[in-house]
Amino acid sequence: MKNITQNPINIVILEDNEYYNKLLTKRINQKMNELSEDNLIPYFIKSYSNYSEFLSNFKTDTHVAFIDFFLDDEKTGLDVLYKIKKNCVNCKVIILSDHKNFDNLTLCLNKGASGIIFKDDRTNTLCDYILDEQVKNWKYEA
Amino acid sequence: MKLKLKYEFRFIILLASIFVLVIISASFVYRKLAKTIDNISFQLKPDEQILIMKSIKNDLIDAENKIYSFNLTKDYAYRASFYKIVFESEKKLRRLKNNSSEDKSFKTQIVLLEKLVLQKYQIVDSIAQIQNQYRVNDVLNKVEEQIQVINPVKAVPKPKEIEDKSWKDVFKKRKTSKEEKKLDNIEKDKLLNFKKEIGEFKEIEVNKELNNNKLELGLIQQDKIVMSKIDQLFLLLEKTERKSIAKKTQIAKANATDAKYFLIAFSLLSTILLVLTSYSIVQYIRRNNEYKIMLQKAKKDSDDLAESKMRFLSNMSHEIRTPLNSIIGFARQLAGSETISKNQGEKEQLGIIQHAANHLLSLINQILDFSKLQANKVELVMNPFNPKIELENLVMIIEPNVQEKENRIFFRIVDKLPENILGDEVKFKQILLNLLSNAIKFTQKGRIDLIVKASKPQGEKIVLEIQVIDTGIGMEKESLSKIFEEFEQENNSTSKNYGGTGLGLSITKMLVELHGGSITVTSKKNSGTCFTVFLPYEITDKKSPVTDDKKSLREVKGINTPINLVQFLKGKKVLVVDDEPYNRKLLVSILSKNKAHIQEAENGQMALNYFDKNWFDYILMDLRMPVMNGVEASKVMRNSSNLDKRKIPIIALTADNSENVQNQAAMFDGILIKPFHEADLFNIMQKFNNSNEIFLNSTETNSEKTVIQQKYNLQALRDISNGNNDFFTDMIETFIRTTKSGLFELEECVKQNDLKTIKKIAHRIISPCKHIGAKDLSEMLAKIEHYDETLMNLEDIKKIVSTIRIEADEIIERLEKEI
């Protein structure tokens, strides 16, 4: 079942706030470390705080992307979502938002976002859930 | 109690009687039954005497048979067997004799039997001896036959025999002897002589035999008689024996009947006792239930009474607190006025009013606490707290009172206290405050020691041992047992000299017991008193929600004693809603002194009218009012169509510190319990103005009312750091850096009137602020993030940004200390 020659689970984070970026990266790292079953499930996490840098480094074999909705440079998570889906249809895009702008977020879901996570007390739980699901899928594919 | 004992005693006596009776009856029945069983088993065994007798009888027959066999076969083995049987019979007779009972006639009969049996054997033996004498006759017959073989003609005729057969033979032989007369004369004579001799001898022998026969006949006759006697004797003995058995059977029967009656009696007795026991138990249960119902009713009545007492006290306390609020409030206002401060006499009189009012307030609080505790209306609210910080704060709070009586206080922690424990910090402080206040009250120019140590942890459990030792007036030993009882003081003079309701220690004890702890006291008259409290707690990893910010009061910066002018109130519009004119007047006095604009309303309805037509920065709302109460009015305000007006801070004012009010707390932005100190009012109000001023109520010792604003909470960050200090520090540094740069950008945008970018920046920095629990800062940033251009202008934004700067700088400063 555990085919370690299989591609690692690639996770990317785009969050313009450095603090929150680090926090999220740390949390995702912790969770993936828990799920990796003593490093038998390889994973790779990369985080960005800048829209351009994110897109220029984005790889088409990315499994999960956590994207903040409001970004600098007049960009939003929706813009990133379009770009990701254009290059990598299977990538799960999770939009992070700290306020409930339902119109924009509904639009994201309609345009292919796999989920919305609000930055509140439940952020960790929902991130954990997404990662759990991803690891299950990875095992299944293996 | 007496009744219960009586019943218990009766029940025990009854049970003991049943036990004894059952044992006695069971023992009787057992003995009777055992006897009966013995008898039956004895009867079941075949009677030995009869058996021996039968055996002897068989021996007699057997012996006779042996003798007959011997007579017929001439086999001496039979004769030997005969003697053996005789020997055996003798033994059996001896046994019979030995086994015979004490019955003399029976014994005599046995002796007779012995004689007869032996006689019988002698007879049989004699007959055998007689019968054996025929051998001579046989020998002679053989001799005669021999002679005839030698000379059959001269055969000597056979002697006359007794039996018929012998006589025939003799007749035949006489015929033969006539033929022999023709034989040789010499031989004839010899033979004749021989024949004659033989004949004579034979005749003698035949006579002897005849005699023997007679003797034998006599013996046989005798034997018959003896045998008949033996049979009769056997019958008699058997009869006697059977009689004895019948007698024993009769006894066994009687025993069985007795046992049966005993069993019946035993069963009856047991049934009666069981019925009695059951009846007693049922009675006991019934009465017990009756008492239980009575007790429940009594308890309910008592609870109802306690409840109504508490309600009454609560109402009374409300009614008393309301005027007291005016008294204390105006007294404070007067104390601050220039006229009073110049007049020493008036100042002193005002001091007395203040002191008396505070004392009255403390009494009301104590009575209310006591009645709540009595009505079991007090529960522990479990939260993590740092005992060291709480103790330090407590010492600081009481320090002015200590100094007032020229005392010194020493606070010592033995070893180390756990950083965080799970418990009710308010009650913890209340216990210690009561004990410390007590120590201060009874000590003048002395020393008060507060010594705290923690027991060795047992798993997560620890016990805090707290000692409050004073060098005050102390107590007599006899008084110590009573001091924890309500309304008890050492003696009347104590209450006269030192005041107090006598409830303080009683409340303390109840609070300690509510914790599952204990309190002890030792004291010596004129030497001092030592109270020792043991309070169990649980060590926790969780930190107090305010631990990060709740530094010891000594460490908190910017604490001011009440100030005459509060800057943040300047120009603010305040709606004061209270039906009590004195209270309104007091609030107006406090607020207008600080340049706030006041609008007064007498009830909720009036307040709503003003609310609809005007904008207010604050609403101070009394809860109990005629026409429309404060809760209803606040509900209407919270549902106002004007969204901004919904957010106007409403601070509830109430003299009712009951649970109901606490439950309604969520609806209000703050609750002020009357009577309140103006510092309390300012502390609550400044939260909504983003002022960084903190006002410490220097005279009020109730720490519950001391509000120190919580700035942030790093628990979430600590949780995710999972002990990784580098990460924790890095995150704090990142927060500081990004927030600083965000603030800088924010201020730049304000300078450039770039309101659009302001929103984005606020959005960017708000998430970390939320994450570290900087609630006020987050709320202020949210105002900018979601600002509505139609409702707010640049000036408003500037104000908010400046308060954000102050708040953020303070948080950053504290965070820098954290790392």
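**Loop residues and the chain contact**

Author: Helices (H or I, at least four residues) and strands (E, at least two) are DSSP runs, numbered from the N terminus. The model is predicted: local features need pLDDT of at least 70 and side-chain atom pairs count only at pLDDT 80 or more, while totals for chains, interfaces and linings use all residues. Residues are numbered from 1 along each chain as its sequence is written, and chains are lettered from A and ligands numbered from 1 in the order in which they are written.

Reader: Why is Val627(B) called partly exposed?

Author: A residue is buried with 20 or more other C-beta atoms within 10 Å of its own, exposed with 12 or fewer, and partly exposed in between, C-beta atoms being placed from the backbone. Val627(B) has 13 and is therefore partly exposed.

Reader: What makes Lys445(B) count as exposed?

Author: Lys445(B) has 9 C-beta neighbours inside 10 Å, so it is exposed. Lys445(B) belongs to the loop between helix H11 (425-441) and strand S4 (447-454) of chain B.

Reader: Why is Asn386(B) called buried?

Author: Asn386(B) has 22 other C-beta atoms within 10 Å and is therefore buried. Asn386(B) occupies the loop between strand S1 (383-385) and helix H10 (387-404) of chain B.
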